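Take a look at the model below. The report then covers its ligand and a pair of its helices.

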Amino acid sequence: MDVMDAIGQRFSVRKFKSYELEDSKLDRVMEAARLAPSARNLQEWRFVVVRDPQMREALSEAANGQQFVAQAPAVIVACAVTDEHVMSCGLQCFPIDVSIAMAYITLQAVEEGLGTCWVGAFSADKVADLLGIPKDVIVVGLMPIGYPDAEAPPKKRLSLGEIMFEDRWQA
Ligand SMILES: Cc1cc2nc3c(=O)[nH]c(=O)nc-3n(C[C@H](O)[C@H](O)[C@H](O)COP(=O)(O)O)c2cc1C
């Protein structure tokens, strides 16, 4: 699949079919994350893939009751093992690096006929407790993944003219 096709077809899936997720597909999706770029090639990302139905239910509760988290056959919990290094631009590497890997996951998922949704509304403490994640590891995001049971809505996005400036910032 063309990269732009995958970008165009991806949307936040919040309803999943009850099909199992094949290991081979999950492996390819996670391989996409593994190959992502990261600052200083630190690769601070770690992923807990949760398939256990009771744990998914508990994760859904920790995610403000968002039911689709429990409904998806797997939830990828993206974490960072990090010294919280700050780049000279003033930003921390780890949220950026983990986010890039998560974005790669979303696109490879499309190639596999799967859907994902980034879930940022969750209690990091609750998720860490549930999964036995050590205190020095940061939970960055949850990503339910499975076969979509929804159609892509039209994309609501700013136009290129609104987000892209030439040579100088334009107010
Ligand atoms: C950092 C981040 C956090 C998000 N958190 C949630 C969330 O907790 N629950 C949810 O349903 N969608 C969440 N989303 C999905 C966005 O609402 C969605 O990406 C946006 O509305 C654009 O829609 P699209 O993904 O279908 O193109 C999140 C997306 C991002 C990037």
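The notes below start with the model itself, then turn to the ligand and the helices.

## About the model

This model is predicted: local features need pLDDT of at least 70, side-chain atom pairs count only at pLDDT 80 or more, and totals for chains, interfaces and linings use all residues. Residues are numbered from 1 along each chain as its sequence is written, and side-chain values use heavy atoms, with hydrogens and water left out.

## Around the ligand

The ligand is surrounded by 13 residues, each with a heavy atom within 4 Å of it. R10, S12, R14, Q66 and R157 are the closest. The shell holds six nonpolar, three polar and four charged residues. Here Ala, Val, Leu, Ile, Met, Phe, Trp, Tyr, Cys and Pro count as nonpolar, Asp, Glu, Lys and Arg as charged, and the others, Gly among them, as polar.

Polar contacts are pairs of N or O atoms within 3.5 Å. In the side chain of S12, an N or O atom is 2.5 Å from a ligand oxygen. For the side chain of R157, the distance to a ligand oxygen is 2.7 Å. The side chain of Q66 has an N or O atom 2.7 Å from a ligand nitrogen. Alone, the ligand exposes 620 Å², and the protein buries 58% of that (Shrake-Rupley method, 1.4 Å probe).

## Two helices

Helices are DSSP runs (H or I, at least four residues), numbered from the N terminus. Helix α3 spans residues 53-62 and helix α6 residues 124-131. Their axes come within 9 Å and cross at roughly 165°. Axes are lines fitted to C-alpha atoms over the stretch in contact, and angles run from 0 to 180 degrees between N-to-C directions. Therefore α3 is roughly antiparallel to α6 (angles over 145 degrees).

Methods:
A polar contact is a pair of N or O atoms within 3.5 Å; within protein, one must be able to donate a hydrogen and the other to accept it, and residues adjacent in sequence count only if both atoms are side-chain atoms. Angles under 35 degrees count as roughly parallel, over 145 as roughly antiparallel, 65 to 115 as roughly perpendicular and the rest as oblique.
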